[in-house]
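Biologist: Could you take a close look at one part for me, the place where the two chains meet? I'd like a connected walk through it, with the cut-offs spelled out as you go.

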Number of protein chains: 2
Amino acid sequence: MEKVNYKSGSIIFDQGEAATQLFVISSGKVGIYFPTNEFTEEPNIVLNSPEIFGEMGLIDDALRMAGAKAETDCMLISVSKVEFEQKLENSDVIIRGVVAALSQRLRQLQKKKLK
Amino acid sequence: MEKVNYKSGSIIFDQGEAATQLFVISSGKVGIYFPTNEFTEEPNIVLNSPEIFGEMGLIDDALRMAGAKAETDCMLISVSKVEFEQKLENSDVIIRGVVAALSQRLRQLQKKKLK
């Protein structure tokens, strides 16, 4: 895990990129931009500390479906895919199942919204 | 945790009920019915072993938003709210954050679909 700083307005990740880490917001605001919104409109969701984002691609090994942009100067804690997978492997089987179930349902709903 | 059997066609839980447990499918098929579908149409999702359902209400303490029905004779493993919470408390802080983030986004998307 490491701390990373993003200046206001900088893109943290874009749709279609490989997911190599998740982020915990330490300070600042992060905008999440859904697939039909390529950083042009207002963010679909604005997240604050201590919320987490970027976890979806790590869980199901898919490309980024949404984009993330620093809406203010931000300090984020970056958790790599390997670190996250270790934490998940050390979790109870029910917790691992819940993470898988939530992630799968979220992807299904997101895909339906695109149709 | 305990094993529970449901006959084909029996309702496991209905929308609006309090969420007291989650289920792991040990055998059989379970249909999930979204809010606009009160067991009258085909299920919106059909789940099989070893999938998990009913976790949403445990995570954010909300009432059941979807209904669940046994589509065939089913054997389920029931995990109580207290058991689940203990497992979650024993998990790494990042895993707990991921469970919270996924759950929150899923609720938001489900609510949008209702509008």
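Modeller: Here's a walk through the contact between the chains, then the core, and then a few side chains.

Quick housekeeping first: this is a predicted model, in which local features need pLDDT of at least 70 and side-chain atom pairs count only at pLDDT 80 or more, while totals for chains, interfaces and linings use all residues. Residues are numbered from 1 along each chain as its sequence is written, chains are lettered from A and ligands numbered from 1 in the order in which they are written, and side-chain values use heavy atoms, with hydrogens and water left out.

Let's start with the contact as a whole. The size of an interface is often given as the accessible area lost when the parts come together. Here chain B and chain A bury about 2800 Å² between them, where buried area is the accessible area (1.4 Å probe) that two parts lose on being put together, summed over both. Of that area, 75% is on carbon and sulfur atoms. Chain B puts in 34 residues and chain A puts in 34 residues, with contact meaning heavy atoms within 4.5 Å.

On the side of chain B that touches chain A, the elements giving two or more residues are S3, strand S5 (45-47), strand S6 (52-53), H1, H2 and H3 of chain B. Helices (H or I, at least four residues) and strands (E, at least two) are DSSP runs, numbered from the N terminus. H3(B) supplies the largest share of that side, 16 residues. By type, the residues of that side of chain B split into 21 nonpolar, 6 polar and 7 charged.

Now the core. A nonpolar core is a set of buried Ala, Val, Leu, Ile, Met, Phe, Trp, Tyr and Cys residues joined through side-chain atoms within 4.5 Å; buried means under 20% relative accessible area, exposed over 50%, and partly exposed in between (1.4 Å probe, protein chains only). The largest nonpolar core has 34 residues, of which A:Leu22, A:Phe84, B:Leu22, B:Phe84 and B:Val98 touch the most other members. Not counting residues up to four places away in sequence, A:Phe84 touches A:Leu22, A:Leu58, A:Ile59 and A:Val79, plus B:Ile94, B:Ile95 and B:Val98.

Back to charges. B:Glu55 and A:Arg105 meet in a salt bridge, 2.9 Å from N to O. This pair crosses between chains, from helix H1 of chain B to helix H3 of chain A. B:Glu55 counts as buried at 0% relative accessibility, and A:Arg105 counts as buried at 17%. With residues up to four places away in sequence left out, A:Arg105 also touches residues including B:Ile45, B:Leu47, B:Ile52, B:Phe53 and B:Leu106. A:Glu55 forms a salt bridge with B:Arg105, the closest N and O atoms being 2.9 Å apart.

Helix H3 of chain A also holds A:Ser103, which is buried, with a relative accessible area of 2%. Leaving aside neighbours within four places in sequence, A:Ser103 is in contact with A:Met56, A:Ile59, A:Asp60 and B:Leu102.

Finally, a salt bridge within chain A: the side chains of A:Lys81 and A:Asp61 meet at 2.8 Å, N to O. A:Lys81 lies in helix H2 and A:Asp61 in the loop between H1 and strand S7 (67-70) of chain A, so the pair ties together parts that are 20 residues apart in sequence. A:Asp61 counts as exposed, at 59% relative accessibility.

Note on methods
Salt bridge = Lys/Arg side-chain N within 4 Å of Asp/Glu carboxyl O. Nonpolar A, V, L, I, M, F, W, Y, C, P; charged D, E, K, R; others polar.
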